[in-house]
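Good morning, everyone, and thank you for making time for this.

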Amino acid sequence: MKKSFAFCFLLMIFSSCFAKEKFINYAFGISTGIPVYDSSQIKQINKYFYNNGTRIILGTNARVEFNILENFSLFADSDLLFDFNFNSEEHFNMLDLSFSGGVKFFPGIGGLATGIGYTLGKRFNMYELTQTTKENLGEPISKNDWGNGFKIFVEYDFTHKTNRILPVVGINWKFMPRGNKYYDNIFTLYCMVKL
């Protein structure tokens with residue numbers, strides 16, 4: 001155990017000596033997206049609010065990157081995506097919380113990068129519906145199980161090979177099992193500032 005820890009520590013020191021970027025980077029940003037829900041009830045509720053209300057999808061994200069090599073990084077991140085559905089009398093809001101860890105590669109085309117990671121996440125449903133809506137659409141589930149999924153992303157990192165504060169823009173696809181044989185596919189467009 002001590003030998004493997006010492007080896008990892010020496011690898012980090014060695015790689016940071018030869019990298020053009022800092023060994024550890026932090027990034028924070030905002031996002032929007034298109035959640036594709038597998039549950040037929042949620043699809044009905046979204047359709048109901050599409051015809052009788054307003055829908056807003058906003059998110060935040062944060063990431064830590066460990067730049068092991070010039071074109072290879074390990075990352076850990078957290079995403080929050082809010083799906084607000086509301087009108088003057090009722091609302092059905094969903095909060096998707098996820099944590100990911102994985103690898104990020106630069107194929108050698110400027111700051112273009114791609115990555116994949118293991119994701120652990122949960123979706124929370126918060127609602128206040130009229131009795132008529134509940135009778136027509138059913139009583140929604142307020143929370144779902146934690147799920148193990150994955151995330152794949154493609155982004156352009158303007159900070160690659162620099163130490164300047166510049167944006168990172170990208171898209172990702174997150175596949176999340178929700179329990180009860182339901183699966184969500186969440187497509188997100190994001191912009192982050194890397195420090």
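Predicted model: local features only at pLDDT ≥ 70, side-chain atom pairs only at ≥ 80, totals over all residues.

The protein chain holds 3 helices and 8 strands, and if you read along the sequence, they come in the pattern α-β-α-β-β-β-β-α-β-β-β. Of the 195 residues in the protein chain, 41% count as buried, while the accessible surface comes to about 10,900 Å², with 67% of that belonging to carbon and sulfur atoms. If we take the contacts between residues at least 6 apart in sequence, 66% of them join residues that are at least 24 apart.

Let us turn to the inside. Which residues make up the largest nonpolar core? There are 8 of them, namely Tyr37, Ile42, Ile45, Phe49, Phe92, Met94, Leu129 and Leu137. At least two residues of this core come from helix H2, residues 40–52, and at least two from strand S4, residues 91–105, and it is H2 that gives the largest share, with 3 residues. Apart from this core there lies another, made of 6 residues, which include Phe153, Val168, Tyr190 and Met192.

Staying with Tyr37 for a moment, and leaving out residues up to four places away in sequence, we find that Tyr37 touches, among others, Ile42 and Met94, both of which are also members of the largest core. The contacts of Tyr37 also include Lys43, Arg55, Asp83, Arg123 and Asp184.

Ile24, Tyr26, Phe28, Ile165, Val193 and Leu195 make a nonpolar surface patch of about 540 Å², and the most is given by strand S1, residues 24–36, which contributes 3 residues. Ile24 has its place in that strand, S1, and since its relative accessible area is 32%, this isoleucine is classed as partly exposed.

For comparison, I would like to look at another isoleucine. Although Ile57 and Asp83 are 26 residues apart in sequence, they are 4.6 Å apart in space, from C-alpha to C-alpha. Beyond its neighbours up to four places away in sequence, Ile57 touches Ser31, Thr32, Gly33 and Pro35, as well as Leu81, Phe82 and Asp83.

Finally, let me show you two lysines. Lys194 has its place in strand S8, residues 182–194, and this lysine is buried, because its relative accessible area is 3%. What joins the side chains of Lys194 and Glu65? The answer is a polar contact of 3.0 Å.

Lys122 is found in strand S5, residues 112–128, and Lys122 too is buried, with a relative accessible area of 10%. Lys122 and Leu97 are 25 residues apart in sequence, yet 5.4 Å apart in space when we go from C-alpha to C-alpha. Leaving aside neighbours within four places in sequence, Lys122 is in contact with Leu95, Asp96 and Leu97, and also with Asn144, Asp145, Trp146 and Arg178.

Notes:
Residues numbered from 1 in each chain as written. Heavy atoms only, no water. Core = buried A, V, L, I, M, F, W, Y, C linked by side-chain atoms within 4.5 Å. Buried < 20%, exposed > 50% of the residue type's maximum accessible area, 1.4 Å probe, protein only. Helix = DSSP H or I, 4+ residues; strand = E, 2+ residues; numbered from the N terminus. Contact = heavy atoms within 4.5 Å. Patch = residues over 30% accessible without salt bridge, like charges linked within 9 Å, V, L, I, M, F, W, Y side chains within 5 Å. Areas by Shrake-Rupley, 256 points an atom, 1.4 Å probe, with all protein chains shown as cover. Salt bridge = Lys/Arg side-chain N within 4 Å of Asp/Glu carboxyl O. Polar contact = N/O pair within 3.5 Å; in protein donor to acceptor, adjacent residues only side chain to side chain.
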